[in-house]
Amino acid sequence: MSATLPARVIALASPITDMENLDIRLRADASSRQVALRAIAFSVVWLLVGSAFGLIASFKLHMPDWLVSNPMLTFGRIRSAHLNAMAYGWASSAMLGVSVWIIPRLVHTELRVPKAAEAGLYFWNIGMVLGIVGILAGYSDGLEWLEMPRYWADPFFVIGGGLVGLSLLSTIAVREVEHLYVSVWYIMAAFIWFPIIFVVGNWPTYSGVESAAVNWFYAHNALGLWLTPVCLAAAYYFIPKILGRPIYSYQLSLLGFWTLGFFYSLNGMHHLIGGPLPTWMITTSVVASGLMIIPVMAVGVNQHMTLNKRFGALRYSPTLRFIVFGSVAYTLVSLQGVFMAFREVNRLTHFTHVTVAHAHVGLYSFVTMIMFGSIYYILPRLLGREWVSEKLISWHFWAVGIGQTVYLVPLTVAGMFQGVAMADPTSTWETVVRAMLPGLIGRSIGGTLLTIGHCVFAWHVFLMFRGGKQKQGLPPFHEVAPIVTKRDKASFVAGGVK
Amino acid sequence: MLPSSLTVTLATTILGLLTVAVFFLAWRRGQFNRINQQALLPLDDDDMNVARPWETASQRAERVEEFGPPARRTTPGIWGGAQ
């Protein structure tokens, strides 16, 4: 029995032994296995589809005559299809899988009504297919982040998300632990917040200025109250799990969660600075955006201090490498978002590629990287076998890591020049567009690298599902230890000190 | 002024009040008690008393002091089979 047991017994409902602990974990994993595996499989398909759309859209920005004969391949449709495929197809499907896998483990019970969660996953992905086909066919709703047809596709997301949420919330309701770990709070809140903002955003009665206000209420909250909480939940689960030590300050983690809940929903109106909205709405949003420094720094400081003096772990664990990358990106993108919400900065960056780059730091560098890391941890434990190739993991990481840099840096710089040029009344529109070309070409090169990384990842996931050749002994299914890719791992004897 | 802001005002108020209500409910139910122990919830015993290859000698000693001696048998593959 470890020395920590007394402390843990206090936190848990009843004393448990090592074997019971193992049994709980195995039962939890077994109960969520089917749903989580399918969610991961769906998400990887959408990752490839969304990447292809994104790449085409990116090339069109500096090759405007390319693929223009078919209306389905015009920029307006392809770009919307890209955003929706990545946000709802890839990221959200992966998040459903990660949530379904993490919650039973954290509440020490089996997933309840797994059939509902599975049905929810299918509903969600049927909605995705209908939505993407609808967008490509020209039936977009015409509102950013809400392009998928309101009546054909959106009900599937409400039902799908609701069914997965029902399964998760009923699992939490019958939990075997008294306290809710911060990751549970985040996931539980996300599955309550999302249906509210999604229904409000898609309500069919708005018009004019109100439509724009509701649109940005939804679009901003989709990132902050849906994608962000689940990804932070994953980070708060995997970082301590891999390091084998609790997070630096649990108080800070709770502060981060609750202040996100208090302040975030007010943020969206800063997208409409300069628009025909009441000034108090915009100002309230700017102030709330400033207050986001509290949850952001709480998360950033906490995760940094947890990892402090253990950065060597990044060389060993691909999960940690991706998740720490994502966590750092969360801090950066959030601080960038705070500054971009201020009127003086917003005047320069609004309607420029800075906003596009900022959105990609959020949805890619933060959300996508954390989902990659989560899948690297979860899949071997669900399939009962180790990742097939250390090299493929490494290629994936460096392709997407370098790809993001090549994508984001030129685009941000170009966007700043764009903002300055557009504010100059002597600049012609053509001058501004031509000045953007290097940034747009850099974006396409970066996007190509990202897509290569995605293909490597998808191939590796395929090998895992197919049961690729294993070179190791026992699978890590029962184990909690991180997956190590460092070549000299043989020199380490688990459980002992070499 | 009101027609353009009514929905967003109501929606943010509902979300905010919901969060405040759940916060106080959680407080009353004791969710903020025993904070330091809660931090251990995701960790199993075998998370804590298995030394990590990246840890320094002092960090390993610290782990033994905090969580007890390494109790795990060596299981091939747990530290990675990806070759």
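Visitor: Which residues touch the most other members of the largest nonpolar core?
Guide: A:Val100 and A:Ile187 do, in a core of 162 residues. A nonpolar core is a set of buried Ala, Val, Leu, Ile, Met, Phe, Trp, Tyr and Cys residues joined through C-beta atoms within 7 Å. Helix H7 (residues 208-243) of chain A gives this core its largest share, 24 residues. This is a predicted model, where local features need pLDDT of at least 70 and side-chain atom pairs pLDDT 80 or more, while totals for chains, interfaces and linings use all residues. Residues are numbered from 1 along each chain as its sequence is written, chains are lettered from A and ligands numbered from 1 in the order in which they are written.

Visitor: What does A:Val100 touch?
Guide: Its contacts include A:Ser32, A:Val35, A:Leu111 and A:Leu168, leaving out residues up to four places away in sequence. Contact means C-beta atoms, placed from the backbone, within 7 Å.

Visitor: New topic. How many helices and strands are in chain A?
Guide: 15 helices and zero strands. Both are DSSP runs, numbered from the N terminus: helices are H or I, at least four residues, and strands are E, at least two.

Visitor: Where is A:Val461?
Guide: In helix H15 (residues 429-466) of chain A.

Visitor: Why does A:Val461 count as buried?
Guide: Because A:Val461 has 22 C-beta neighbours inside 10 Å. Buried takes 20 or more other C-beta atoms within 10 Å, exposed is 12 or fewer, and partly exposed lies in between.

Visitor: And which residues is A:Val461 in contact with?
Guide: A:Val44 and A:Leu379, leaving aside neighbours within four places in sequence.

Definitions and conventions
Two residues are in contact if their C-beta atoms, placed from the backbone, lie within 7 Å.
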